[in-house]
Amino acid sequence: MSLYGLVICGGESTRMGTDKSLLVYYQKPQHEHVADLLAPLCERVVLCCNAEQYNTFRTSYRKLADLAKYAGSGPLSGLLTAFETFPGNDFLVAGCDYPYLTTDELANFLHHTDKDSPAAAFYNENAFYEPLLGWYSRSAGSALLNAFENGSRSLQRFLQAANAGKYRPLSEKTMRSVDTMDDYRAVKQALEANYDIQNGDEFDNQS
C-alpha cells in the first residue's frame, strides 16, 4: 500500500472566471506548486484534470483525466477516477484553491491522522470539512463509489457520514480559499509583501 498525492485541478472556477489551477502565486502555475508540496510526502503525485486541462497542461507530473462515467461530479470525479486507476492506494488530496498551504502543514496532518479511519480532512471553525485538503484511505474508494451510484456527489456529506477524522491546522490561513479575482489579487499582494519583508530582513542581517 502506497500514499499517492492528488492535485485536484478540474473545477470550473465559475466565480473566478478563469482556471484557478493556472493562477501564479509562486512563480509557477498553482497546479505545479501544489504538486511540489505533495511530492516530498507521497510515492507519486498525479494531477487530476478535466479533458481540456489534460490536453493543455505541460508538466512533468502524471496527468489523469476524469473518466467519462464520473465526469461532471465535481471533485468526486477526480477521486473516483484515481481510485479506479490506482487501486489499493491511499490518497493525500489537495485542491488548487489554497495559496497558504505548505508541505509542513500537510506533514503534520498526516502525522495526526488515524490510519484506521476511512478518511480525514482539515476542519474549519464553521464545523465543516475541507474535502480538498484530505486523506482518503483505500477502503474509502468502494464507499465513495457506492455513494456515487446512489446519487450522492458531495464529499462533505461522505466525510460527515463516515465520521472522518478532523484536523485543525496550525495556521488558520491554510484553509483560506481563493474564489474571485479580487481574492487572488489581495492574496498575491500579501504574499509578495511578506516575501519582500523576509528578503529585506535577510539583507539587513548581512549588511
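The paragraphs below lead from a set of annotated positions to the salt bridges of this chain.

The structure is a predicted model, in which local features need pLDDT of at least 70 and side-chain atom pairs count only at pLDDT 80 or more, while totals for chains, interfaces and linings use all residues. Residues are numbered from 1 along each chain as its sequence is written, and side-chain values use heavy atoms, with hydrogens and water left out.

C9 counts as buried because its relative accessibility is 3%, where buried means under 20% relative accessible area, exposed means over 50%, and partly exposed lies in between (1.4 Å probe, protein chains only). When its neighbours within four places in sequence are left aside, C9 is in contact with D19, S21, H31, L47, C48, Q53, F57 and C96, contact meaning heavy atoms within 4.5 Å.

With a relative accessible area of 13%, K20 is buried.

What does the side chain of D97 make with the side chain of K20? The two side chains make a polar contact at 2.6 Å, a term for a pair of N or O atoms within 3.5 Å, of which, within protein, one must be able to donate a hydrogen and the other to accept it, and for which residues adjacent in sequence count only if both atoms are side-chain atoms. The side chains of D97 and K20 also meet in a salt bridge, at 2.6 Å from N to O, a salt bridge being a side-chain nitrogen of Lys or Arg within 4 Å of a carboxyl oxygen of Asp or Glu. This pair links distant parts of the chain, since D97 lies in the loop between β4 and α4 and K20 in the loop between β1 and α1, 77 residues apart.

D97 itself belongs to the loop that runs between β4, residues 90–95, and α4, residues 103–111, and D97 is buried, with a relative accessible area of 14%. Beyond its neighbours within four places in sequence, D97 is in contact with K20, R176, S177, V178 and D179. A network of salt bridges links K20, D97 and D179.

By the rule given above, the count of salt bridges comes to six. One of the pairs joins E84 to K69, with the closest N and O atoms 3.1 Å apart; this pair too links distant parts of the chain, with E84 in helix α3, residues 75–85, and K69 in the loop between β3, residues 62–65, and α3, 15 residues apart. E84 counts as partly exposed at 40% relative accessibility, whereas K69 is exposed, with a relative accessible area of 51%.

A further pair is formed by R185 and D182, whose side chains meet in a salt bridge at 2.8 Å, N to O. Both residues lie in helix α7, residues 181–206, where they are three residues apart, about one turn of the helix. R185 is partly exposed, its relative accessible area being 48%, while D182, at 54%, is exposed.

Technical notes: Helix = DSSP H or I, 4+ residues; strand = E, 2+ residues; numbered from the N terminus.
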